[in-house]
Structure formats: structure tokens, C-alpha cells
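Hello,

Here is the structure I promised to send over. Please have it open while you read the notes below it.

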Amino acid sequence: MIALSWAGFSTWLALPWISDLAEMITLPLAIFVVTGLAVIPGYLTAYLIATLLLDRSRELPFPPAPSDWPGLTLIIAAFNEEDQIEETVNYALASDYLGELEIIVANDGSTDQTAAIVERLAASNRAVTLLEVEHGGKALALNQALATVTTKLVATIDADTLL
């Protein structure tokens with residue numbers, strides 16, 4: 001209503017301008033020009049201002065209890081990632097996801113200490129699992145890890161990603 005009132009007021013104010021302009025370019029064209037240059041932009045601006053001032057957002061409900069959050073499996077495909085894998089897993093463990101979190105590190109035949117680091121992390125935290133995969137590339141490692149997932153949600157990250 002505020003925007004429509006403003007558009008009406010703008011049109012009333014623009015009547016002399018329309019009249020003067022109509023003497024130069026015809027009345028229909030003058031109405032078109034003034035409406036396009038003044039009335040419509042004024043209406044849109046008034047609408048925007050009115051909604052920003054008067055609209056009140058609704059309160060969001062509290063998040064459901066942690067027991068209501070579905071389980072999440074985070075799959076990390078790793079190949080020779082000994083420099084980053086521990087930090088990546090620790091960041092994932094420190095996430096604020098309220099449901100059950102399982103982390104599967106799919107070791108894609110690493111020749112460095114990646115597997116040993118993940119085994120140590122798995123020994124100290126039961127949420128971490130090491131899945132040894134014969135070297136065949138990231139897609140194969142992810143697919144083999146996906147076959148072991150039992151949770152409703154799955155996410156994948158690279159071995160050098162910090163959540």
C-alpha cells in the first residue's frame with residue numbers, strides 16, 4: 001500500500017511534467033517516458049524501503065536434538081598425504097556436527113606414512129577408520145569407501161581440505 005500510494009503521489013507530482021512533455025512528443029509517449037523514468041522506479045524504491053522497514057523475519061526454531069541428526073560419513077581419499085592427513089582428520093573431528101560422525105580415510109596405496117598416521121588416529125578415536133585400497137586412483141578409492149557406508153549422509157573431501 002505504501003508503494004502504491006507513493007506511485008500515485010509521484011504521478012500527481014509528474015502531471016505538469018507530462019503536460020509540458022506532451023506538447024513536444026505527444027501525450028501517450030510523454031506518459032510512457034515519465035512512467036518509465038519516475039513512477040516505476042519510485043514505486044520500486046518505495047516498495048523496497050517499506051519491506052525493509054516493516055518486514056519482520058520469523059524466528060528460526062532451535063536445531064533438533066543431536067539424537068535427531070542423521071549419521072554422517074566423511075570419506076577422505078588419500079594418496080601420499082602424510083604432510084596433511086593428520087591435520088585434515090583432526091579438523092574433521094573438531095567439526096560441530098551434532099549427529100554421529102564417521103570418518104573413513106581411503107588410503108589409495110600410499111607409499112609414505114599416510115596409513116601409519118591414520119592408524120594412529122584410528123587407535124585414539126573410534127570415529128576414524130582406515131580403508132586400505134590398492135592404488136587405482138581417487139575415484140576407485142572413493143567408490144570402495146562408499147560401499148562400506150552405513151549412514152544416511154555421505155560427504156567427501158580431499159586429504160588437504162580443512163573443515
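What follows is a short tour of the findings, starting with how to read them.

This is a predicted model, in which local features need pLDDT of at least 70 and side-chain atom pairs count only at pLDDT 80 or more, while totals for chains, interfaces and linings use all residues. Residues are numbered from 1 along each chain as its sequence is written, and side-chain values use heavy atoms, with hydrogens and water left out.

Let me begin with the core. The largest nonpolar core has 18 residues. Such a core is a set of buried Ala, Val, Leu, Ile, Met, Phe, Trp, Tyr and Cys residues joined through side-chain atoms within 4.5 Å. Buried means under 20% relative accessible area, exposed means over 50%, and partly exposed is in between (1.4 Å probe, protein chains only). Leu74, Ile76, Ile85, Val89, Ile103, Val105 and Val118 have the most contacts inside this core. Two or more residues come from each of S1, H3, S2, H4 and S3. These labels are DSSP runs numbered from the N terminus, with helices (H or I) of at least four residues and strands (E) of at least two. Apart from this core lies another one, of nine residues, including Ala77, Ala106, Val133 and Ala141. As background, nonpolar side chains in soluble globular proteins tend to be buried together.

Leaving aside residues up to four places away in sequence, Ile103 touches Leu74, Ile76, Val89, Ala92, Leu93, Ala127, Val128 and Thr129. Contact here means heavy atoms within 4.5 Å.

In H3, the buried residues are Ile85, Thr88, Val89 and Ala92. They line one face of the helix, because seen down the axis of H3 they fall within an arc of 95°. The arc is that of the directions from the helix axis to the C-beta atoms. The partners that the buried residues of H3 pack against are S1, S2, H4, S3 and S4.

In H4 (residues 114-124), Thr114, Ala115, Ile117, Val118 and Leu121 are buried. Their arc around the axis is only 160°, which puts them on the same side of H4. Ala123 and Ser124 are exposed, on the face turned away from the buried side of H4. The buried residues of H4 pack against S1, H3, strand S2 (101-108) and strand S3 (128-133).

How many salt bridges does a search of the whole structure find? There are two, where a salt bridge is a side-chain nitrogen of Lys or Arg within 4 Å of a carboxyl oxygen of Asp or Glu. One joins the side chains of Glu86 and Arg120 at 3.0 Å, N to O. This pair links distant parts of the chain, with Glu86 in helix H3 and Arg120 in helix H4, 34 residues apart. Glu86 is partly exposed at 30% relative accessible area, and Arg120 is partly exposed at 45%.

In the other bridge, the side chains of Asp158 and Lys138 meet at 2.3 Å, N to O. Here too the pair links distant parts of the chain: Asp158 sits in strand S4 (residues 153-158) and Lys138 in helix H5 (residues 138-146), 20 residues apart. Asp158 counts as partly exposed at 34% relative accessibility, as does Lys138 at 44%.

Ala7 is found in helix H1 and counts as buried, at 13% relative accessibility. Not counting residues up to four places away in sequence, Ala7 touches Val39 and Tyr43. The C-alpha atoms of Ala7 and Thr35 are separated by 9.4 Å, although these residues are 28 apart along the chain. Leu13 also has its place in helix H1 (residues 2-25), but Leu13 counts as partly exposed, at 49% relative accessibility.

Finally, two backbone points to check. Most residues other than glycine have a negative phi. Thr26, in the loop between H1 and helix H2 (27-54), has a positive phi near 85°. Asn80 also has a positive phi, near 50°, and is found in the loop between strand S1 (72-78) and helix H3 (85-93). Thr26 is partly exposed at 46% relative accessible area, and Asn80 is partly exposed at 30%.

Best wishes
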